[in-house]
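Please have a look at the model on the screen, and I will then take you through some parts of it.

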Amino acid sequence: WGFVFGLGINFFTRFAMTQALEHPIAQMIQLTSMVMEGVFERFPKLRVAYLEAGAGWVPYIMDRLDRSYEVWAGKAYREFSEWLKKPPSEYLRSGRIFFSSEGGEPSMTQAIERIGHGTLLYASDFPHETNVARAKHEIEELAARPDLPDAAKQAIFHDNALRFYGR
(Lines give C-alpha, C1' and ligand atoms only; values in the text may rest on other atoms or scores of the structure.)
Protein backbone atom coordinates (compact mmCIF):
# COMPACT_ATOMS: atom_id res chain seq x y z
CA TRP A 1 0.00 0.00 0.00
CA GLY A 2 2.79 2.42 0.84
CA PHE A 3 3.71 3.18 -2.75
CA VAL A 4 0.18 4.34 -3.68
CA PHE A 5 -0.16 6.76 -0.78
CA GLY A 6 1.95 9.37 -2.54
CA LEU A 7 -0.78 9.51 -5.18
CA GLY A 8 -3.31 10.93 -2.72
CA ILE A 9 -5.17 7.79 -1.70
CA ASN A 10 -4.20 8.44 1.92
CA PHE A 11 -6.34 11.61 1.86
CA PHE A 12 -9.58 9.72 1.26
CA THR A 13 -11.95 9.77 4.21
CA ARG A 14 -13.97 6.70 3.23
CA PHE A 15 -12.70 3.18 2.59
CA ALA A 16 -14.84 2.70 -0.54
CA MET A 17 -12.76 5.33 -2.35
CA THR A 18 -9.52 3.65 -1.34
CA GLN A 19 -10.84 0.20 -2.21
CA ALA A 20 -11.85 1.37 -5.70
CA LEU A 21 -8.36 2.64 -6.57
CA GLU A 22 -5.72 1.00 -4.38
CA HIS A 23 -5.24 -2.19 -6.39
CA PRO A 24 -5.63 -0.83 -9.95
CA ILE A 25 -3.24 2.08 -9.38
CA ALA A 26 -0.70 -0.05 -7.54
CA GLN A 27 -0.88 -2.69 -10.26
CA MET A 28 -0.48 -0.13 -13.04
CA ILE A 29 2.65 1.08 -11.28
CA GLN A 30 4.05 -2.43 -10.86
CA LEU A 31 3.18 -3.54 -14.39
CA THR A 32 4.72 -0.38 -15.85
CA SER A 33 7.91 -0.96 -13.90
CA MET A 34 8.17 -4.64 -14.79
CA VAL A 35 7.49 -4.15 -18.51
CA MET A 36 9.49 -0.97 -19.07
CA GLU A 37 12.46 -2.31 -17.07
CA GLY A 38 12.52 -5.39 -19.30
CA VAL A 39 11.71 -7.95 -16.61
CA PHE A 40 9.75 -10.17 -19.01
CA GLU A 41 12.62 -10.10 -21.51
CA ARG A 42 15.21 -10.90 -18.84
CA PHE A 43 13.14 -13.72 -17.37
CA PRO A 44 11.40 -15.39 -20.34
CA LYS A 45 9.68 -18.08 -18.25
CA LEU A 46 8.31 -15.70 -15.62
CA ARG A 47 4.56 -15.61 -15.17
CA VAL A 48 2.87 -12.94 -13.07
CA ALA A 49 -0.74 -12.44 -11.98
CA TYR A 50 -2.28 -9.09 -11.16
CA LEU A 51 -5.27 -9.84 -8.95
CA GLU A 52 -8.05 -7.94 -7.17
CA ALA A 53 -8.21 -5.13 -9.72
CA GLY A 54 -10.30 -6.57 -12.55
CA ALA A 55 -9.14 -6.34 -16.15
CA GLY A 56 -10.72 -3.08 -17.31
CA TRP A 57 -7.54 -1.10 -16.71
CA VAL A 58 -5.48 -3.37 -18.97
CA PRO A 59 -6.38 -1.83 -22.38
CA TYR A 60 -5.79 1.63 -20.94
CA ILE A 61 -2.30 0.84 -19.64
CA MET A 62 -1.43 -1.01 -22.86
CA ASP A 63 -2.17 2.14 -24.84
CA ARG A 64 -0.25 4.37 -22.42
CA LEU A 65 2.82 2.13 -22.35
CA ASP A 66 2.86 1.62 -26.12
CA ARG A 67 2.62 5.37 -26.63
CA SER A 68 5.53 6.01 -24.29
CA TYR A 69 7.55 3.29 -25.99
CA GLU A 70 6.76 4.76 -29.42
CA VAL A 71 7.82 8.26 -28.34
CA TRP A 72 11.17 7.10 -26.92
CA ALA A 73 12.10 4.14 -29.15
CA GLY A 74 14.95 4.92 -31.51
CA LYS A 75 16.08 8.03 -29.62
CA ALA A 76 19.72 8.42 -28.60
CA TYR A 77 18.65 8.63 -24.96
CA ARG A 78 16.24 5.88 -23.97
CA GLU A 79 13.70 6.44 -21.23
CA PHE A 80 13.20 2.72 -20.68
CA SER A 81 15.46 -0.26 -20.12
CA GLU A 82 17.69 -1.59 -22.88
CA TRP A 83 16.11 -4.94 -22.04
CA LEU A 84 12.77 -3.77 -23.47
CA LYS A 85 12.86 -5.16 -27.00
CA LYS A 86 9.30 -4.70 -28.30
CA PRO A 87 6.17 -2.66 -27.67
CA PRO A 88 4.80 -3.24 -24.15
CA SER A 89 1.45 -4.51 -25.43
CA GLU A 90 3.25 -7.54 -26.91
CA TYR A 91 4.33 -8.58 -23.42
CA LEU A 92 0.78 -8.13 -22.15
CA ARG A 93 -0.47 -10.39 -24.94
CA SER A 94 2.33 -12.94 -24.44
CA GLY A 95 0.26 -15.28 -22.27
CA ARG A 96 2.60 -14.81 -19.31
CA ILE A 97 0.81 -11.94 -17.59
CA PHE A 98 -2.50 -12.88 -15.98
CA PHE A 99 -5.26 -10.62 -14.69
CA SER A 100 -8.26 -11.14 -12.47
CA SER A 101 -11.73 -10.67 -13.85
CA GLU A 102 -14.82 -9.54 -12.02
CA GLY A 103 -18.21 -10.89 -13.01
CA GLY A 104 -20.07 -7.68 -13.71
CA GLU A 105 -17.13 -5.76 -15.09
CA PRO A 106 -18.48 -4.23 -18.33
CA SER A 107 -15.02 -3.44 -19.70
CA MET A 108 -13.95 -7.09 -19.53
CA THR A 109 -15.07 -7.52 -23.14
CA GLN A 110 -12.63 -4.81 -24.25
CA ALA A 111 -9.84 -6.48 -22.29
CA ILE A 112 -10.63 -9.79 -23.97
CA GLU A 113 -10.58 -8.09 -27.38
CA ARG A 114 -7.08 -6.77 -26.63
CA ILE A 115 -5.41 -9.63 -24.72
CA GLY A 116 -7.71 -12.60 -25.31
CA HIS A 117 -9.33 -14.67 -22.58
CA GLY A 118 -6.34 -16.97 -22.07
CA THR A 119 -4.90 -14.98 -19.17
CA LEU A 120 -8.00 -13.94 -17.24
CA LEU A 121 -8.61 -15.58 -13.88
CA TYR A 122 -11.65 -15.65 -11.66
CA ALA A 123 -10.61 -14.24 -8.29
CA SER A 124 -13.12 -13.66 -5.51
CA ASP A 125 -10.88 -12.58 -2.60
CA PHE A 126 -12.85 -15.05 -0.47
CA PRO A 127 -12.89 -15.02 2.56
CA HIS A 128 -10.86 -11.81 2.98
CA GLU A 129 -13.33 -9.18 1.77
CA THR A 130 -16.03 -11.43 0.32
CA ASN A 131 -18.46 -13.76 2.03
CA VAL A 132 -19.98 -16.93 0.55
CA ALA A 133 -23.10 -15.16 -0.72
CA ARG A 134 -21.10 -12.44 -2.50
CA ALA A 135 -18.66 -14.96 -4.01
CA LYS A 136 -21.58 -17.08 -5.27
CA HIS A 137 -23.19 -13.96 -6.78
CA GLU A 138 -19.96 -13.06 -8.60
CA ILE A 139 -19.64 -16.59 -10.02
CA GLU A 140 -23.27 -16.58 -11.18
CA GLU A 141 -22.88 -13.09 -12.63
CA LEU A 142 -19.86 -14.13 -14.69
CA ALA A 143 -21.40 -17.44 -15.77
CA ALA A 144 -24.61 -15.71 -16.93
CA ARG A 145 -22.91 -13.10 -19.14
CA PRO A 146 -24.31 -13.37 -22.67
CA ASP A 147 -21.44 -11.29 -24.10
CA LEU A 148 -18.80 -13.88 -23.19
CA PRO A 149 -18.45 -17.11 -25.15
CA ASP A 150 -18.49 -20.39 -23.25
CA ALA A 151 -14.81 -20.93 -24.13
CA ALA A 152 -13.92 -17.68 -22.33
CA LYS A 153 -15.93 -18.68 -19.25
CA GLN A 154 -14.28 -22.13 -19.21
CA ALA A 155 -10.87 -20.48 -19.42
CA ILE A 156 -11.61 -17.88 -16.74
CA PHE A 157 -13.13 -20.32 -14.25
CA HIS A 158 -10.80 -23.27 -14.80
CA ASP A 159 -8.26 -23.58 -17.59
CA ASN A 160 -6.28 -20.40 -16.91
CA ALA A 161 -5.96 -21.16 -13.19
CA LEU A 162 -4.46 -24.54 -14.10
CA ARG A 163 -2.06 -22.90 -16.52
CA PHE A 164 -1.01 -20.29 -14.00
CA TYR A 165 -0.94 -22.23 -10.72
CA GLY A 166 -0.57 -25.80 -11.97
CA ARG A 167 -2.23 -28.78 -10.34
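This is a predicted model: local features need pLDDT of at least 70, side-chain atom pairs count only at pLDDT 80 or more; totals for chains, interfaces and linings use all residues.

The largest pocket is lined by 21 residues, and those that lie nearest its centre are Gln19, Glu52, Glu102, Glu129 and Glu138. Residues are numbered from 1 along each chain as its sequence is written, and side-chain values use heavy atoms, with hydrogens and water left out.

A pocket here is found on a 1 Å grid over the protein atoms alone, as an open set of points where a 1.4 Å probe fits, with protein on both sides within 12 Å along at least five of seven lines, and its lining residues have an atom within 4 Å of a point. The volume of the largest pocket is about 530 Å³, where a volume is the space filled by probe spheres set on the points, which are joined across faces, edges and corners.

Which elements supply at least two residues each to this lining? They are helix 2 (15-36), strand 2 (97-101) and helix 7 (132-143), and helix 2 gives the most, with five residues. Helices (H or I, at least four residues) and strands (E, at least two) are DSSP runs, numbered from the N terminus. By class, the lining has nine charged, eight polar and four nonpolar residues; Asp, Glu, Lys and Arg count as charged, Ala, Val, Leu, Ile, Met, Phe, Trp, Tyr, Cys and Pro as nonpolar, and the others, Gly among them, as polar.

Let me turn to the sheet, which is open and has three strands in the order 1-2-3 with parallel pairing. Strand 1 (48-50) and strand 3 (120-122) stand at the edges with a single partner strand each, so one side of each has no neighbour in the sheet. Strand 1 is joined to strand 2 by three bridges, with alanine 49 opposite phenylalanine 98, and two strands pair if DSSP finds at least two bridges between them. Strand 2 and strand 3 also pair over three bridges; phenylalanine 99 has leucine 120 as its bridge partner, and serine 101 stands opposite tyrosine 122.

Is strand 2 buried or exposed on its two faces? Ile97, Phe99 and Ser101 on one side, and Phe98 and Ser100 on the other, are all buried, where buried means under 20% relative accessible area, exposed over 50% and partly exposed in between, with a 1.4 Å probe and protein chains only.

Finally, a search of the whole structure finds seven aromatic pairs. The rings of tyrosine 50 and tryptophan 57 have centres 6.2 Å apart and planes at 80°, so this pair is edge-to-face; rings of Phe, Tyr and Trp (its six-membered ring) pair if their centres lie within 6.5 Å, with planes under 30 degrees apart counted as stacked, over 60 as edge-to-face and the rest as tilted. Tyrosine 50 is buried at 6% relative accessibility, and tryptophan 57 is buried at 6% too. Together with Phe99, Tyr50 and Trp57 form one aromatic cluster.
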